[in-house]
Amino acid sequence: MSFVAHRFAGCTVIVTGGGAGIGRATVERLVAEGARVIAVDVFSERLALLTDEVQGDITAVVADITEPASTDRILEAAGPRIDGLANVAGIMDGFEPTAEIADETWDRVLAVNLTAMMRLTRAVLPSMLDRGAGSIVNVGSEAGQRGSAAGTPYTTSKHAVNGFTTSTAFFYTPKGVRCNAVAPGPVATSIEAPFRSEWAGQRLGPLFQTNIPPVARPEELAAAITWLLSDDASNVSGAILAVDGGWASI
Ligand SMILES: NC(=O)c1ccc[n+]([C@@H]2O[C@H](COP(=O)([O-])OP(=O)(O)OC[C@H]3O[C@@H](n4cnc5c(N)ncnc54)[C@H](O)[C@@H]3O)[C@@H](O)[C@H]2O)c1
């Protein structure tokens with residue numbers, strides 16, 4: 001995969017979930033293309049590894065993005081100019097169908113995958129609107145395209161990410177701020193996806209055996225995320241880009 005030298009020179013980009021998987025691959029590509037990156041993750045050891053192993057201008061912020069106070073620390077680390085925000089951090093559910101949802105699973109999945117995304121996006125918008133420029137990329141999922149890719153909490157959260165993305169694009173594209181989402185299929189990362197429901201296993205198992213495309217590499221998602229963050233996608237806003245090996249076409 002070839003990088004685009006200097007594509008993000010002079011730009012500051014915030015990446016949540018930057019310690020692992022798709023977020024880490026996004027950080028690596030951004031710094032290789034000249035960005036200054038604020039990498040946010042709740043897992044301090046992952047951020048320590050990132051800054052040890054990856055050359056480039058990376059400021060690590062250890063934060064649980066569901067805590068409202070984390071937003072101030074992230075903005076403080078970024079400084080007054082914010083060119084991009086990649087809302088990558090997310091967690092899975094346990095493939096629970098509706099009748100089997102525990103309140104704490106529902107609350108946590110929605111808090112991480114949706115509410116934290118809204119708070120951080122809301123917080124960076126004033127800086128972007130002041131300059132009349134900015135790009136926000138949200139990570140959705142194939143589970144945001146259909147009902148048969150996860151449990152109900154995760155599926156609900158990722159459908160909501162699509163609505164959040166298109167609504168944000170509607171309101172702010174005329175003011176120079178683009179907002180898009182990528183919808184990955186399976187990707188080889190550290191995300192945990194334990195099957196906690198017997199009925200989900202029976203219902204999803206046969207579909208998973210026949211319909212799922214090969215597992216992608218995080219770098220393949222980072223390529224799409226950085227493209228959407230960059231000026232190369234200057235005329236793209238409100239898109240939900242399936243980066244799923246063709247799963248959405250099945
Ligand atoms: N891996 C897949 O197959 C797949 C498929 C579709 C969508 N996605 C989405 O891609 C995104 C990235 O997932 P990944 O697969 O790279 O997973 P990952 O677990 O490898 O990386 C996610 C990172 O987010 C961090 N994180 C989780 N909760 C956080 C919080 N509250 N505050 C700060 N950081 C937090 C984790 O510590 C982790 O380092 C998620 O939104 C996920 O829903 C992944």
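Which helix gives the most to the lining of the largest cavity? Keep that in mind while we set up. What you have open is a predicted model, where local features need pLDDT of at least 70, side-chain atom pairs count only at pLDDT 80 or more, and totals for chains, interfaces and linings use all residues. Residues are numbered from 1 along each chain as its sequence is written, and side-chain values use heavy atoms, with hydrogens and water left out.

**Stop 1: the cavity**

Select T16, I65, S70, T71, I74, N87, V88, A89, V112, A116, M117 and L120, which line the largest cavity. On a 1 Å grid over the protein atoms alone, a cavity is a set of points where a 1.4 Å probe fits but cannot get out, and lining residues have an atom within 4 Å of a point. The largest cavity holds about 70 Å³, a volume being the space filled by probe spheres set on the points, which are joined across faces, edges and corners. And the helix we asked about is α4, with 4 residues. Helices here are DSSP runs (H or I, at least four residues) and strands are too (E, at least two), numbered from the N terminus.

**Stop 2: the largest pocket**

Now pick G90, I91, M92, I191 and E192, the closest to the centre of the largest pocket among its 50 lining residues. A pocket is an open set of points with protein on both sides within 12 Å along at least five of seven lines. This one has about 1,200 Å³ of space. Colour α4 (103-131) again: it provides the largest share of this lining too, 5 residues.

**Stop 3: the second largest pocket**

Select D83, S135, L229, S230 and D231, which lie nearest the centre of the second largest pocket. In all, 18 residues line it, and its space comes to about 270 Å³.

**Stop 4: helix α1**

Go to residues 21-32, α1, one of the elements that give two or more residues to the lining of the largest pocket. Is α1 largely enclosed or largely open? It is largely enclosed by the rest of the structure, because 9 of its 12 residues are buried (under 20% relative accessible area, with a 1.4 Å probe and protein chains only). Highlight I22, G23, R24, A25, T26, V27, R29, L30 and V31 to see the buried ones. Show β1 (12-16), α2 (44-53) and α7 (218-229) as well, which are among the elements covering them.

Finish at G34, which follows α1 and has a positive phi, near 100°.

Conventions
Buried means under 20% relative accessible area, exposed over 50%, partly exposed in between (1.4 Å probe, protein chains only). Contact means heavy atoms within 4.5 Å.
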